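Colleague: I would like to go through this model with you. Could you take my questions one at a time?

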Amino acid sequence: MRVGTNAYLLLSALLFTIGVVGVLIRRNAIVVFMCIELMLNAVNLSFLAFGRAAGSLDGQILAFFVMVVAAAEVVVGLGILVAIFRKRSSTSVDDVDLLKG
Amino acid sequence: MLLGRRLGRAAGWLATALVAASFVVAVAAFFTLLGGAADARTVVLRGYEWFSAGDLRVAFDLRFDQLSAVMAMVVTGVSALIHLYSIGYMAGDERIATFFAYLNLFVAAMLTLVLAQNFLVMFLGWEGVGVCSYLLIGFWFNRRLPVVQPGARLDPDTPDETQEVWAPPAAKKAFLANRIGDVGFLIAMFLIFQQLGSLDFDDVLGRAERGVFVAGGVARVGAVTIPGLGAGAATAVALLLFLACAGKSAQLPLYVWLPDAMAGPTPVSALIHAATMVTAGVYLVARTHVLFEASKTAAAVVVVVGALTALLAALIAIGQDDLKKILAYSTVSQLGYMFVGVGLGPVGYAAGLFHLVTHAFFKAQLFLGAGSVMHANDGDTDVKHFGGLRQAMPLTWWTTVAAWLAIIGFPLTAGFYSKDQVLAAAFSHGGVGLFAWVVGLLTAGLTAFYMSRLVFLTFLGEPRWPEGRHPHESPAVMTVPLLVLGALALVAGVLLTGGGLVGGPLARFLEPVLVGALPAPLEAESFAQAFLLSVLATLVAAAGLAVAWWLYLSGRVDWLEQRRRRAGAWRALASGLYVDRAYELVTVRLDGAVARMADLFDRRVVDGAVDGLADAVGAAARRGRGLQTGLVRTYAVGVLGGAVLIVAFLVVRAT
């Protein structure tokens, strides 16, 4: 049976939403990063789906770009995270509240 | 004031010499006037220009005519005597030089007032005497002065009704009451300038003489007209000027400052509040008489107010125990007579001014005599503590007798002539004059009563003064003026009227100045009528004297007991018929209430609004702060929300 493009898009949207919700709700910084990765991958999926649907390789090229950027971003992000959380022992995002009015 | 501290007592002699010199000059000038023809006796001196603004040009112009001459001679003459007296009275006071400086300043201001040729220079003098009055009343500002005051505790059984009074409040009261009147003067000047374009007497007052008037003097508003000044404006100006007179010359309703002004040294009371400053109002009306002729209403107001004031003050005087206060109310009362005189029109001008002159003599004598009595009694002013002083102070006694006879109108004294002339003028004027005549007659009786009471209680009867007091006669420096004034009180009448009951040299001298535009006779109707009226007045005065004798001297009535029995009435009279209380209610209380309301409003409403606004902003901010959680998650939600909105917007727009 042929699975339509829509299914892929639906899955992508679903994954993206789960990622967003995770970013907003989870307090553990590493889990937040994982959710961000989830969002990126969801977008990758939708790129591939559209590429296949358009019959070109553009989608796959873009997915490569995204993966590279994601990797770089993770490196930087985890670096910052480690630096911050070396100071304090907690990994909760809520503890970074110096701008609280 | 410059050399004062070094001159000390000599300052007094210097000041007196200067004023005496002024008097000599005044008399000399007077004789110069006499040399000229009867209707050409005006000298106008144009002085330096004071200021000029737009159409208004005011200079220090002086005018010397018959009216000014009379006033100047009275002012400088009586003043010189009072200066002499003060040398003795104020001896030992450390600020004596300042006192004489103020006195001389006062005389200078008063002379400016009577010698002015335009309203503004006159106002300069007017204000000047007001300021000097304030300075002099408050002269002993650092002393407690025992004055017999009616107060809430007014009970004849209380051994001592003396309360202590500070001078400064009295001085302020005097100045404020004057000021209220000055507002009238100012507005009148504004009106005059607005209507007539000038403040010079020749321009303003001379015009009426060229006005149109109805022959026969029919009493009709506008019978005299001043070109450029409508009947309504003339009334307004005249009434405003009279308001100024009410303030300066202590008439209803602004007389309340005069009794309180007795807190000042007695020579001050004699000079300012008997002989000169308070007569400035009478002079003003006389000088501007054409305005009062142009407005029958204003003239009637002057007569009625004068008559009522005379009566009211005489009533209050009956209830006073303080020597100076009796004299103060007496002054208010006699001033009422003067205003009746000058308010009656041509028939009364000379009479009113004549009374001014004689009153200056006998009232000054009475005040100086009172000072002599106080001097001998350690400054006590309560007549209940006197009695039998005539043996101790014969000179004071006899001179006071002279003045007393004059003020009650004993035949042939100066006061007799002047008072009877006023009453005769009132009677023959008819209309409102008749009312004034009745009131004046009644007041004459009351005057005789309270003045006799004063004399009896102070000089006759049994001594009532406390132990340890040795009343003695005053030094020559004080008794000489008493003698001069006493003599004048007796003979001035005969001299100035030539012995007759109507007219006389004074009236004839003043006639060219005081003839109004109304062709009315300057004197009362006939000798017979005047004689009958005089007899009537004398009888009324004799009745007053008799009652006083019976109550206070005959020993048949315990007047203290009577006073206790009629405590209510006594309290009313003694407190000046509660007029001061009424004023206090209106000004102090009402004002205080208004001020408190304003404060409440300011604090609650205005401050409330401002503070409330600030608080509201603060509350809003406080709630808004909640947004700044500092949590990254919250901000992420915000970003998400914003992104959703934008995408939705774009999608909706594309479809």
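Colleague: What is the handedness of the crossing where α13(B) passes α18(B)?

Modeller: The crossing is left-handed. Please bear in mind that this is a predicted model.

Colleague: At roughly what angle do the axes of α13(B) and α18(B) cross, and within what distance do they come?

Modeller: The axis of α13(B), which covers residues 296-318, crosses that of α18(B) at roughly 20°, and the two axes come within 9 Å. Angles under 35 degrees count as roughly parallel, so α13(B) is roughly parallel to α18(B).

Colleague: How does the contact of α13(B) with α18(B) divide by class?

Modeller: It has 19 nonpolar and four polar residues, with no charged ones.

Colleague: Moving on, where is B:Pro475 found?

Modeller: B:Pro475 lies in the loop of chain B between α18 (432-459) and α19 (476-497).

Colleague: Why is B:Pro475 partly exposed?

Modeller: B:Pro475 has 15 other C-beta atoms within 10 Å, so it is partly exposed. A buried residue would need 20 or more, and an exposed one 12 or fewer.

Colleague: Lastly, how many residues of chain A are in contact with chain B?

Modeller: 11 residues of chain A are in contact with 10 residues of chain B. The chain A side has seven nonpolar, one polar and three charged residues.

Note on methods. Residues numbered from 1 in each chain as written. Chains lettered and ligands numbered in written order. Predicted model: local features only at pLDDT ≥ 70, side-chain atom pairs only at ≥ 80, totals over all residues. Contact = placed C-beta atoms within 7 Å. Nonpolar A, V, L, I, M, F, W, Y, C, P; charged D, E, K, R; others polar. Helix = DSSP H or I, 4+ residues; strand = E, 2+ residues; numbered from the N terminus. Axes fitted to C-alpha atoms, helices over the stretch in contact; angles between N-to-C directions. Parallel < 35°, antiparallel > 145°, perpendicular 65-115°, else oblique. Left-handed = near helix turned anticlockwise from the far one by under 90°.
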